[in-house]
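Hello,

I'm passing on a structure for you to look through.

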Amino acid sequence: MSSLAEVFNLQLLFDVLRMTTPILLLALGGMITDRAGVLNIALEGLLVFGAFAAVVGTGMTGNLLVGVVAALVGSGLLSLAFAWFALYLRGNIFIVGLATNAFAAAVTTYASWLISGREGSLSYPQAPTIGPISVPLVKDAHFLSFLSGHTVIDYTAWALVLVVSFVVFRTRMGLRLRAVGQEPLAARAVGLSVRRIRYLAVLASGLLAGLAGAQLSLTLGGFVQNMSAGRGWIGLVASIVGSGTAFGSAAASLLFGATEGVANSLQITAPKVPAQLLFALPYVITLAALVFYSATRSRKKGVLDT
Amino acid sequence: MAPYLVCEGLSKTYGGTLRALHGVSLSVERGKVHAFIGENGAGKSTLAKIIGGMVAPDAGSMSFDGKPYAPGKPRDAHAHGIGMVHQHFTLFPALTVAENIVLGDEPTRLGQVDIARAVEEVRALSEEYGMPLDPRRRLHDLSVGEQQRVEILKELRRDVELLILDEPTAVLTPQEVERLFKGIRRLIRENRTVIFIAHKLEEVLAIADEITVMRKGRVVGHRDRAEATKEELVQLMVGESLPVHERRYGAEPGGEKLVTRELTIRDERGRPELDGITLSVNAGEILGLAGVEGNGQQALEQVLGGLITPTTGSVVLNGAAITRASPARRRRLGLAYVPADRLEWGCAPQASVFENAMTQCYRRESTAGILRRRRLRQVVRSMFKRFDVRAPDLDSPISSLSGGNIQKLILARELGSERSERLEAIVISNPSRGIDIRGVQFVHDLLAGYRDAGCAILLISTDLDEILALSDRIGVLYTGRLVAMLPGQGRTSKTELGRYMLQGDDKERAA
């Protein structure tokens, strides 16, 4: 039987941070679009598209930077398409979002097959993977050593928490973004272009999702069908549970990342627990968080209260 | 003096059928208060929106300050120095006063919004125009009167030369109206121009220099303040002279019918929306509840109607506790509820006139769950006849009716079904909002009739004239509390009521 110490060690903390990164990036994107009044159903598809584009970009050139840029461009373009359908053509955002997700899943699977001839995966043997960066000092400080050895995207994600928080709450753009999300009609009366601001918000979430995708596939060194494993949805939940702030989203992402890390770790240390159950853990926690969140929010009055 | 703003032949048709304006021509002089008056649907707001750049006319032209003026959007109007304060404020509740005012034209420093400078600018403006406001407070903590000041300061910060105020007094207490008028006079002294849209004649006569009367999308008269009389203006607005109704108040009331004890409702943040409301409405009495909008009216009407349950406290009808009873059960017990927000809570806007009208009587008129449509249509038609609902087509959506007809339909449905003989109590909120003078008289006569028949009526209204015209007793709601219970039947003055409605402001000023 596993002891608690075996489960909770520095390796686990390291894994938790690693697992948190994509969720965190997605949650930041979800928070930005949510602040603009757009429910970003398409995060999952944007993530998949980014992961795929990163692998293709890196594989064809052998250059990681090209892969990351490809992920940003790919997810960015897809997010603009999503925004165009939802905001300009006024499609139902749920339908358009689900269609975007289905499109991304299908088109990446098909393209993988076209390129590699194998079904469901794509990798380039010579392609590099994103390597760890060791942080001087920190890596030797025993208790903090889990903070060292992450990828450049991991560190960027945490820096982006600060950047996003600053932009949304301190700048002119951020003020307008929040205004548009809160009272779109009033914002229009002030002379703001609601649609333009929402486009930009969706684009920002696309770029963040692209970066998340790059993190997923470039650390693994290939693209696998379903490698996103619902992280787009978990990221969306994290942004909601984070109640519209960058730091709240980061905290929620950390919770979900931790669940994933613990689930992985338990697979090794507690082999008797069915793996399927452990795999389900992150989703169960996500659902629980969502239920808890709604319960504490709306336990006010009767059913008709909106 | 040369005309400042000139409109010529403006026409506007909405959605292909609803003719809002037919060839309206008028001119507004600089440095004057020009009032547009008329009943609901007369076209005043449409005209104002065309001038403000919110709506483009189908035909006609305008000139402003000697130059052609054809705004495509509000921003174009602003560029010409024309600004508008809407009836429904276009503000952001979660932002601060300063953020609301500078939004769209924010001072920045090193990429950040310079909040300190925004606060300073707003403070200076509010002092200059005698409109006290704390720039750092969040909008949702402000009274409606204060929110209106935010709107006006927002326009003044953009140096508007012509300010359009769309029904600015509808939500204000008499004292706040006075303060608003002071602000308007100050603008006039600076040679700015104000277009003032209203339907209360006393206010128009108190502030306007010139008056344009509209009816059914046309200008039907233009008067200087000096030559205008109230009687003539009413006649122009309505198109005929109205019989003067004498006010009948109730006789000696009977026993308690509808009672609330210590009703409290808290919002998510734990702040009370209703705070220990204890009141009783007697048989054969109209209890009027006055108060500035947003002081707990909505929570109270919904708790009585059964849409929400209170955090603590109870509601009793005829001795039976109904605190947690469903709306349907309340109705069976003889409680009718007519909500203030007709389109949100009073009807299903997309459904047809017929479907909306039958929602109280369809159970009786069906067999084994199948509607007896022919019989139902008869019931609805006779209901409409009694309540003077004018609906040319039972199968068109209810939203195609005018506000007054929708209100009459709801009244007919809630009060006029055959079992209404057993009506014990009526909870009715802002029944005459947005309906014309004749509609208001109809509603008031109806309520007086039910009162005389022994019904207990709780009339929640933000319209002081309505409260004063009907109430046998008058309560005042302020920040969710019942702060006063005063005698009605003409024994309490408007100013006195206004003082109670403003309680908090008095305290603030004293502090």
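A:Thr151 counts as buried because its relative accessibility is 6%; buried means under 20% relative accessible area, exposed over 50%, and partly exposed in between (1.4 Å probe, protein chains only). The model is a predicted one, in which local features need pLDDT of at least 70, side-chain atom pairs count only at pLDDT 80 or more, and totals for chains, interfaces and linings use all residues. Residues are numbered from 1 along each chain as its sequence is written, chains are lettered from A and ligands numbered from 1 in the order in which they are written, and side-chain values use heavy atoms, with hydrogens and water left out.

You will find A:Thr151 in the loop between strand 1 (121-122) and helix 6 (152-170) of chain A. Helices (H or I, at least four residues) and strands (E, at least two) are DSSP runs, numbered from the N terminus. Leaving aside neighbours within four places in sequence, A:Thr151 is in contact (heavy atoms within 4.5 Å) with A:Ile130, A:Gly131, A:Ile133, A:Gln215 and A:Thr219. With A:Gln215 there is also a polar contact of 3.4 Å between the side chains. That term stands for a pair of N or O atoms within 3.5 Å; within protein, one must be able to donate a hydrogen and the other to accept it, and residues adjacent in sequence count only if both atoms are side-chain atoms. A:Pro132 lies 19 residues from A:Thr151 along the chain, yet their C-alpha atoms are separated by 4.6 Å.

Staying in chain A, have a look at helix 10 (residues 231-241): eight of its 11 residues are buried, so the helix is largely enclosed by the rest of the structure. Among the buried ones are A:Arg231, A:Ile234 and A:Leu236. After this helix comes A:Ser243, with a positive phi near 45°.

In chain B, B:Glu414 sits in helix 14 (residues 403-415). Is B:Glu414 buried or exposed? At 8% relative accessibility, it counts as buried. Its side chain makes polar contacts with the side chains of B:Arg331, at 3.2 Å, and B:Gln360, at 3.3 Å. Not counting residues up to four places away in sequence, B:Glu414 also touches B:Ala336, B:Tyr337 and B:Val338.

Now to where the chains meet. The contact takes 29 residues from chain B and 22 residues from chain A. Together the two chains bury about 2,300 Å², 58% of it on carbon and sulfur atoms; buried area is the accessible area (1.4 Å probe) that two parts lose on being put together, summed over both. Two salt bridges are found across this interface, the term meaning a side-chain nitrogen of Lys or Arg within 4 Å of a carboxyl oxygen of Asp or Glu. B:Glu106 and A:Arg172 meet in a salt bridge through their side chains (3.6 Å, N to O).

On the side of chain B that touches chain A, helix 2 (74-80), strand 8 (112-113) and strand 13 (256-266) of chain B each supply at least two residues. Helix 2 of chain B gives the most, with three residues.

Finally, a word on confidence: pLDDT is the predictor's confidence in each residue, from 0 to 100. Chain B averages 86, and 95% of its residues score at least 70. Among the elements of chain B, strand 22 (residues 456-460) has the highest mean pLDDT (95) and helix 18 (residues 503-510) the lowest (49).

Best wishes
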